[in-house]
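Please find below a colleague's note on the model shown here.

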Amino acid sequence: AKSKGKSAYERFAPQMKESSHERLQMESRMRRALELDEFQLCFQPIVSTSSGNLQAAEALLRWNNPTMGLVMPDRFIPLAEETGLIIPIGEWVLKEACAAAVRWQSITGQRLGISVNVSPRQFRDPGFVAAVMNALELSGLEPERLELEITERLILDHSIETSDILHRLDSEGIRLSVDDFGTGFSALSYLKSYPFDTLKIDKSFIQDVLKEQEDASLVKAIITMAHSLGLTVIAEGVEMAEQIEFLKEQECDFAQGYFYSEPAPDARFEQWLRDRRA
Ligand code: C2E
Ligand code: CA
Ligand code: CA
Ligand code: CA
C-alpha cells in the first residue's frame, strides 16, 4: 500500500542505485579488511547427544568494520564469492581455525575437531587443496581433526573436478561433511559416490521437529538413511532441551546450536572450554 501509484521502476530504482553504491563501497572495504585484521572467527560447540561430550567446534566468520560495525557472513560472503575475495579470506579462515584447534588441546587435553565452511568459488579454485594442506602443516593439526563443510548446492554440479577434489581431500584423511542437508533438492545418489563422513541436518528441519509431525518424520528418516550409509549425523540449530531428547531417541550422533552455546569469539570460547572442565 505504501508504494501505491508508483511504477515498478520508481519503486525499485532508487533502492537499486543505493545498493550498487553500497556494494562497491563494501567491496573496497573488503579488499582491505584482511590486512587491517578486521576478520574474526567465532566458534560453536558440536556436542555428542548421548554423552554430552564436546566433539568439535564449527568456525563461523565475522567481519568487524569500523564504519559498518559487526557484519554477519550472510551479508558479505555472497559478495566475497562474486569478487573472488573469498579465496584469500577462506585461506585466512583455514589457517586461523586449524591453529585454534591446536591451542584448545592444552586447555582441554582433548583432540577436538574443527569444522570449516567452504564456499563453491573457494572449493573450485585450483589452489584450494594446497591451501588446506598448508593450513594443516603450519598449525600441526592432524588431518583427521579437520572437517570441511560443503553445501549440497556445490555437489549438485556433478562435475569430475568436484569429485576429484573431494577424493583428494579424503585421501589426505581430511573429513568431509554435507552442510545444510535437505535444502538442496538434490538427488541422494551423490552420497554413495562421494567420500563424505558427516551429514548436517539443516536447522530448518530441527526448528519445528517438536511441533510438526512431518519434520519429525523427515529427521528420523534422514538419520536412519545416513547411518545405513555409514555417515555421522549432526543436527544444526538445536535451541531446546526437548529437541536434544528427541535427537537422542533417534540416535542422532551430535547436536549444535544455541542450546549449548552461541558462536563465541576466540577468548570467550576458550573460557567456555575452561568452565566446562571445572
Ligand atoms: P551455516 O554453515 O549453516 O552455519 C550455521 C549458522 O546457524 C550460523 O550462522 C550460526 O550462528 C547459526 N546458528 C547456530 N546455532 C543456531 C541456533 O540454535 N538457532 C539458529 N536459529 N541459528 C543458529 P552465521 O554464523 O550467521 O553464518 C551463516 C552462514 O555463513 C553459515 O551457515 C555459512 O554458510 C556461512 N559462513 C560462515 N562462516 C563462513 C566461512 O568462514 N566461510 C564460508 N565460505 N562461509 C561461512
Ligand atoms: Ca556450516
Ligand atoms: Ca572421509
Ligand atoms: Ca548449516
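**Notes on the predicted model**

1. At 57% relative accessibility, Glu-251 counts as exposed. Glu-251 sits in the loop that links helix H11 (241-249) to strand S9 (254-255). The structure is a predicted model, and in it the phi of Glu-251 is positive, near 60°, although the residue is other than glycine.

2. With a relative accessibility of 57%, Asp-37 is classed as exposed.

3. The calcium ion (ligand 3) is coordinated by Asp-170 (OD), Asp-197 (OD) and Asp-197 (OD), at 2.2 to 2.7 Å. Asp-170 lies in helix H7 (residues 160-171), while Asp-197 lies in the loop between helix H8 (190-193) and strand S7 (198-201), so the pair ties together parts that are 27 residues apart in sequence. Asp-170 has a relative accessibility of 29% and therefore counts as partly exposed, the class between under 20% and over 50%.

4. Strand S4 (residues 113-117) is mostly covered, with four of its five residues buried. On one pairing, S4 is joined to strand S2 (residues 54-65) in the parallel sense over four bridges; Gly-113 in S4 is the bridge partner of Ala-56.

5. S4 also pairs with strand S5 (residues 146-151): the two run parallel and are joined by four bridges. Within S5, Leu-148 stands opposite Val-116.

How values were computed. Residues are numbered from 1 along each chain as its sequence is written. Chains are lettered from A and ligands numbered from 1 in the order in which they are written. This is a predicted model: local features need pLDDT of at least 70, side-chain atom pairs count only at pLDDT 80 or more; totals for chains, interfaces and linings use all residues. Side-chain values use heavy atoms; hydrogens and water are left out. Donors are N, O and S atoms within 2.8 Å of the metal (3.2 Å for Na, K and Ca); water is not among the atoms, so sites may look incomplete. Buried means under 20% relative accessible area, exposed over 50%, partly exposed in between (1.4 Å probe, protein chains only). Two strands pair if DSSP finds at least two bridges between them.
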